[in-house]
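This briefing concerns the structure shown below.

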Amino acid sequence: MRNLTLKQFKTVQAIVSHGKIVSAAKVLGLSPPAVTIQLRQVEEEFQLALFDRTSDGMRPTAAGLAFVEAAQAIEERLRLLDDEMDAIKGVRTGSLRLGVVSTAKYFAPRLMAGFMKEHPDIDMRLAIGNRAETIDSLKNHDIDIALMGRPPKEVSVRASVFGDHPLVIIAPPEHPLASARDISKERIAEEHFIIREPGSGTRISLEIFLSDVPGRIDDLGVEMGSNETIKQAVMAGLGIAFISAHTIAAETEAGRLVILDVIGMPIRRQWFSVMRTDHVISPAMATFNDFLMRKGATYLPLFGKLYPHAEANEAAPRQQAMATGKRPE
């Protein structure tokens with residue numbers, strides 16, 4: 001492997017990304033024969049085929065996928081080296097690729113703005129996706145840190161809690177249960193739900209909540225692919241929904257949605273900062289994670305309005321404890 005070059009790693013990455021030698025050559029600014037030669041040299045080095053040549057294009061083999069994984073790790077390490085050299089020079093710069101699940105998009109921009117105000121020379125990029133997409137981005141080294149409600153099991157990660165993530169049931173203000181108190185789980189289970197796709201964090205939490213109501217999770221309700229669509233459906237009177245409280249601040253303040261007073265709600269989950277265990281922590285990553293632990297919870301909306309009376313008194317210290325990593329007294 002001593003004969004491998006960075007150019008060969010980039011060549012194989014381009015072929016995987018674009019599926020054809022001709023397309024990869026165009027992106028790399030090389031001729032197709034030059035790309036073919038680079039690929040042949042790598043395959044001869046390993047005595048393995050990195051691609052299956054099919055009528056639909058170049059499909060990576062197991063060896064090809066392993067090679068690309070190594071290429072992504074090398075690219076990531078070189079980017080980190082650049083940041084480390086700047087840190088040694090005393091230059092407080094760097095770059096950070098932040099990925100967030102779609103529910104976190106309601107507070108991520110404000111959180112980023114707060115961080116960039118303190119650290120204006122760190123270049124940040126934001127990627128928003130559903131849970132599966134965000135996990136794939138972690139797997140593929142496309143992001144440095146992910147913000148999500150439940151750490152993934154598919155990839156080995158470091159996970160740190162930075163705040164509470166309450167889940168609630170919402171309805172339109174004219175719903176018959178809008179003014180009811182202490183609604184039982186059995187009563188709420190009779191309602192028609194608007195739900196997220198299988199595998200989403202809120203869907204899983206709803207299934208757990210209703211799991212002891214016989215037969216209820218067999219037909220939860222109508223699936224919709226985004227929180228925005230779900231909120232619009234609830235406001236239109238199509239049903240109620242189980243949703244992150246952090247997605248509904250504007251609608252509840254405007255009186256377009258109400259939070260139902262269901263026994264056992266809100267369900268308290270946590271927000272996590274997640275990074276791969278095999279990802280060397282750059283100065284920018286360490287700085288951002290420290291910011292999250294100190295101040296991240298203060299950027300989460302609606303927290304003080306979610307818990308009735310006595311619980312509201314303990315909410316602030318609990319939230320502060322989450323932010324600092326200390327247990328509340």
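A salt bridge is counted when a side-chain nitrogen of Lys or Arg lies within 4 Å of a carboxyl oxygen of Asp or Glu. The model is predicted: local features need pLDDT of at least 70, side-chain atom pairs count only at pLDDT 80 or more, and totals for chains, interfaces and linings use all residues. Residues are numbered from 1 along each chain as its sequence is written, and side-chain values use heavy atoms, with hydrogens and water left out.

**Overall composition**

- The chain contains 12 helices and 11 strands; these are DSSP runs numbered from the N terminus, with helices being H or I of at least four residues and strands E of at least two.
- Of the 329 residues in the chain, 47% are buried (buried is under 20% relative accessible area, exposed over 50%, and partly exposed in between, with a 1.4 Å probe and protein chains only).
- Among contacts (heavy atoms within 4.5 Å) with a separation of 6 or more, 73% involve residues 24 or more positions apart.

**Salt bridges**

- The structure holds 20 salt bridges.
- One of them joins the side chains of E75 and K10, at 4.0 Å from N to O. Because E75 lies in helix α4 (residues 62-89) and K10 in helix α1 (residues 6-18), the pair ties together parts 65 residues apart in sequence. E75 is partly exposed at 41% relative accessible area, and K10 is partly exposed at 46%.
- Another joins E69 and R276, at 3.3 Å from N to O. E69 lies in helix α4 and R276 in strand β11, so this pair ties together parts 207 residues apart in sequence. E69 is partly exposed at 31%, whereas R276 is buried at 7%.
- The closest N and O atoms of D144 and R97 are 2.9 Å apart in their salt bridge.

**Strand β11**

- Eight of the 10 residues in strand β11 (residues 267-276) are buried.
- Strand β11 runs antiparallel to β6 (residues 157-171), with 10 bridges between them (strands pair if DSSP finds at least two bridges between them). S160 has S273 of β11 as its bridge partner.
- Strand β5 (residues 145-148) is also antiparallel to β11, through three bridges; M148 is partnered with F272.

**Helix α11**

- The 13 residues of helix α11 (residues 283-295) should span 18 Å at 1.5 Å a residue, which agrees with the 18 Å between its end C-alpha atoms; the expected span is 1.5 Å times one less than the number of residues.
- Buried residues in α11 include A284, M285, F288 and L292.
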